[in-house]
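I opened my notebook to look up a few residues one at a time. Come along and check each entry with me.

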Amino acid sequence: MLEQWLLLAHVIGATVLFGTGAGIAFFMVMAHRTCDPALIAHVAATVVIADTIFTATAALLQPVTGYLLARSIGWDLSEGWIALSLLLYVVTGLFWLPVVWIQIQLRDLAHAAASSGSALPSSYHSLYRVWFVFGFPAFSAVLGIFWLMLTKPSIALF
């Protein structure tokens, strides 16, 4: 019974991570396309809150539920598909952490532009490009993790 609850918690966590990430990406891109600093500032502020509440919480709980689930089932964390999933999880985090900082900067730059009635500065556009590009490896890594978790392929890493 505990195993089923751990599996449910792990799947919900993965869903929250992917769903929140996809939603954040969609709304940030759509807001950016308007070139309206006030709208971008508002959306970016909401995105920062969503990342803090949902993504960060799920990101912290995923390794815990994953470890407890693997232990409950009897899987060794050095099994190839688990080790590769953990590596991809770290890769996701390496791209997500800067993205959080960038979202805060985008929010602040857009807010400053909206408050002064000016256009978005070039630093906003530079940071936005980095934010956009960093999303691809992060989402690809998450998709890879989903595939590994669903298929549990036999992978010899060592």
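Here are my entries, starting with some ground rules.

**Ground rules.** I am working with a predicted model, where local features need pLDDT of at least 70, side-chain atom pairs count only at pLDDT 80 or more, and totals for chains, interfaces and linings use all residues. Residues are numbered from 1 along each chain as its sequence is written, and side-chain values use heavy atoms, with hydrogens and water left out.

**Entry: Ser118.** I found Ser118 in the loop between helix H3 (80-116) and helix H4 (122-151); helices are DSSP runs of H or I, at least four residues, numbered from the N terminus. Its relative accessibility is 35%, so I noted Ser118 as partly exposed (buried is under 20% relative accessible area, exposed over 50%, partly exposed in between, with a 1.4 Å probe and protein chains only). The side chain of Ser118 makes a polar contact with the side chain of Ser116 at 2.7 Å. A polar contact is a pair of N or O atoms within 3.5 Å; within protein, one must be able to donate a hydrogen and the other to accept it, and residues adjacent in sequence count only if both atoms are side-chain atoms.

**Entry: salt bridges.** How many salt bridges does a search of the whole structure find? I got one (a side-chain nitrogen of Lys or Arg within 4 Å of a carboxyl oxygen of Asp or Glu). The side chains of Arg107 and Asp108 meet in a salt bridge, 2.9 Å from N to O. Arg107 is partly exposed at 25%, and Asp108 is partly exposed at 36%.

**Entry: Thr20.** I placed Thr20 in helix H1 (residues 2-34). Thr20 counts as buried because its relative accessibility is 15%.

Note on methods: Helices (H or I, at least four residues) and strands (E, at least two) are DSSP runs, numbered from the N terminus.
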